[in-house]
Amino acid sequence: MTRPVTLYDLAASPNNIKVRLSLAYKNIPYEKVPVDREDRRPLVKVSGQPLAPVLVHGDTVLFDSYAILRYLDANWPSPPRLFSAEREAMQKIQEWEQFARTEAGQPIRLVFNQMRAPSPDAADLAKAKDLMNRTAARIEEALARTPCLMGEAPNAADFTVASMCYYGAVPESVEKINPIAAFFRRHITIEKAPKTVDWIGRMMAWDKPPKG
């Protein structure tokens, strides 16, 4: 694939993190265009809608993160793969993707809403922390058997779920320089799930600067 790849990226968003992890894992060079949360005009101009991430590859424009991961794996089919040719494995990846949309995503949405609220609601923040730790307990069960959700190596399931759970395991070093991460660290830190916290760190290690 010789056509350039451009990612319009809203850095703090889990869906954007997921795409960055996948691009790095597959060693796909790309240009990153940072997006201002308060000014979505560049997104609308390139894709006709205001949501990030947006991937541009030649004449192809994609703006759903789940579709973007499938596009990457189909158009850069060399290993490592994000998806599987085996039906049962694909079904399992889809189950984890649904888990990220629902159970793992709910506490993240709650906290982001509270960040925007004039006065954060303590009850909602407590609920978010409980939900995050329930999510971590489910992941901890899967990681008791293998280092990744579905085996020895990561795939789309790992990057999708880990990016959603990242804000439950924000490193102290990031907290000090990122106010969004600091807010999450104060309110929904994962407890009693050491394998999950370690796994999130290993997946997030793929969040590297793009290769141009």
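Contact here means heavy atoms within 4.5 Å. Helices (H or I, at least four residues) and strands (E, at least two) are DSSP runs, numbered from the N terminus. Welcome to a predicted model, where local features need pLDDT of at least 70, side-chain atom pairs count only at pLDDT 80 or more, and totals for chains, interfaces and linings use all residues. Residues are numbered from 1 along each chain as its sequence is written, and side-chain values use heavy atoms, with hydrogens and water left out.

**Helices α4 and α5**

- Helix α4 (residues 87-116) and helix α5 (residues 122-143) have axes that come within 8 Å and cross at roughly 155°; axes are lines fitted to C-alpha atoms, for helices over the stretch in contact, and angles run from 0 to 180 degrees between N-to-C directions.
- That angle makes α4 roughly antiparallel to α5 (over 145 degrees counts as roughly antiparallel).
- Among the α4 residues that meet α5 are Trp-96, Phe-99, Leu-110 and Val-111, and the α5 side includes Leu-125, Leu-131 and Ile-139.
- By class, this contact of α4 with α5 has 13 nonpolar, three polar and five charged residues (Ala, Val, Leu, Ile, Met, Phe, Trp, Tyr, Cys and Pro count as nonpolar, Asp, Glu, Lys and Arg as charged, and the others, Gly among them, as polar).

**A closer look at Leu-110**

- Leu-110 is found in helix α4 and, at 16% relative accessibility, counts as buried (under 20% relative accessible area, with a 1.4 Å probe and protein chains only).
- Leaving aside residues up to four places away in sequence, Leu-110 touches Asp-124, Lys-127, Ala-128 and Leu-131.

**Nonpolar cores**

- The largest nonpolar core has 61 residues, of which Ile-139, Leu-149, Val-161, Tyr-167 and Trp-199 touch the most other members; such a core is a set of buried Ala, Val, Leu, Ile, Met, Phe, Trp, Tyr and Cys residues joined through side-chain atoms within 4.5 Å.
- Elements that each supply at least two residues of this core include β1 (5-9), α1 (14-25) and α3 (65-75), while α4 gives the most, with 10 residues.
- Another core, of seven residues, lies apart from it and includes Tyr-8, Leu-10, Leu-43 and Ala-52.

**Helices α6 and α9**

- α6 and α9 pack at an angle of about 110°, with their axes 9 Å apart.
- That makes α6 roughly perpendicular to α9 (65 to 115 degrees).
- Asp-158, Phe-159, Val-161, Ala-162 and Cys-165 in α6 meet Trp-199, Ile-200 and Met-203 in α9.

Definitions and conventions
Parallel < 35°, antiparallel > 145°, perpendicular 65-115°, else oblique. Buried < 20%, exposed > 50% of the residue type's maximum accessible area, 1.4 Å probe, protein only.
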